[in-house]
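Hi there,

Here is the structure I promised to pass on. Have a look at it first, and then read on for what turned up.

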Amino acid sequence: MAAHASHFSVPTRGKGTYEITESCQAIVRASGIRTGTATVFVQHTSCSLVIFENADPSARTDLHAFFDRLVPENEPYFVHTYEGSDDMPSHLRMALTRSSEVVPVVDGRLALGTWQGIFLFEHRRAPHLRAQARHAAADRDDRGEHARQVPRADPACRLVRPPL
């Protein structure tokens, strides 16, 4: 079995979705794996990962608004508020989504659909640096001779926020 792993951080500017598809593809390229799976895992309890529509930003705006209505802040029944009124709602939003995504790798590329992207979904209002572990694996060693370095920053992260 061939495998490649790395750690990666995504800076956020507060609540919203940040596309990380290209940086996830970078680990696949660096691994040299042609057929297998790629896994991304976020190492936090107040943000999550989602595979979602990446063509029309209004779909993500609707996602943000939906979660704000589904799990509102400042509810009197929340006990866990030590880190602020958005703390418990962020944990619940994370529990309703996912902390990892696994995507097949076919012909050296993530086998995502035409309109699919991988997003870090930040549930806190304040900026954070979100750590992730990424892994690509193949059933057999089908990598090329030279694996490339995986970039440590993702300048292509895009934020979409709901209107105020």
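Which elements each supply at least two residues of the lining of the largest cavity? In this predicted model, the answer is α1 (21-31), β3 (36-42) and β5 (100-106). Of these, β3 gives the largest share of the lining, with three residues.

One cavity of 30 Å³ or more is present in the structure, and the largest cavity holds about 50 Å³ of space. Around it you will find Cys24, Ile27, Ala38, Thr39, Val40, Glu101, Val103, Leu110, Ile118 and Arg134. Sorted by class, seven of the lining residues are nonpolar, one is polar and two are charged. As for the idea behind such a search, a probe the size of a water molecule is rolled over the atoms, and this shows where empty space is left.

The other spot to look at is glutamate 19. This residue sits in strand β2, which covers residues 16-19. Is glutamate 19 buried or exposed? Its relative accessible area is 9%, and since buried means under 20%, glutamate 19 counts as buried. The side chain of glutamate 19 also has polar partners: there is a polar contact of 2.8 Å with the side chain of threonine 21, and another, at 3.2 Å, with the side chain of asparagine 54.

If you want to follow along on screen, start with the three elements around the cavity, α1, β3 and β5, and then move to glutamate 19 in β2.

Best wishes

Methods. Residues numbered from 1 in each chain as written. Predicted model: local features only at pLDDT ≥ 70, side-chain atom pairs only at ≥ 80, totals over all residues. Heavy atoms only, no water. 1 Å grid on protein atoms, 1.4 Å probe; cavity = no way out; pocket = protein on both sides within 12 Å on 5 of 7 lines; lining within 4 Å. Points joined across faces, edges and corners; volume = space filled by probe spheres on them. Helix = DSSP H or I, 4+ residues; strand = E, 2+ residues; numbered from the N terminus. Nonpolar A, V, L, I, M, F, W, Y, C, P; charged D, E, K, R; others polar. Buried < 20%, exposed > 50% of the residue type's maximum accessible area, 1.4 Å probe, protein only. Polar contact = N/O pair within 3.5 Å; in protein donor to acceptor, adjacent residues only side chain to side chain.
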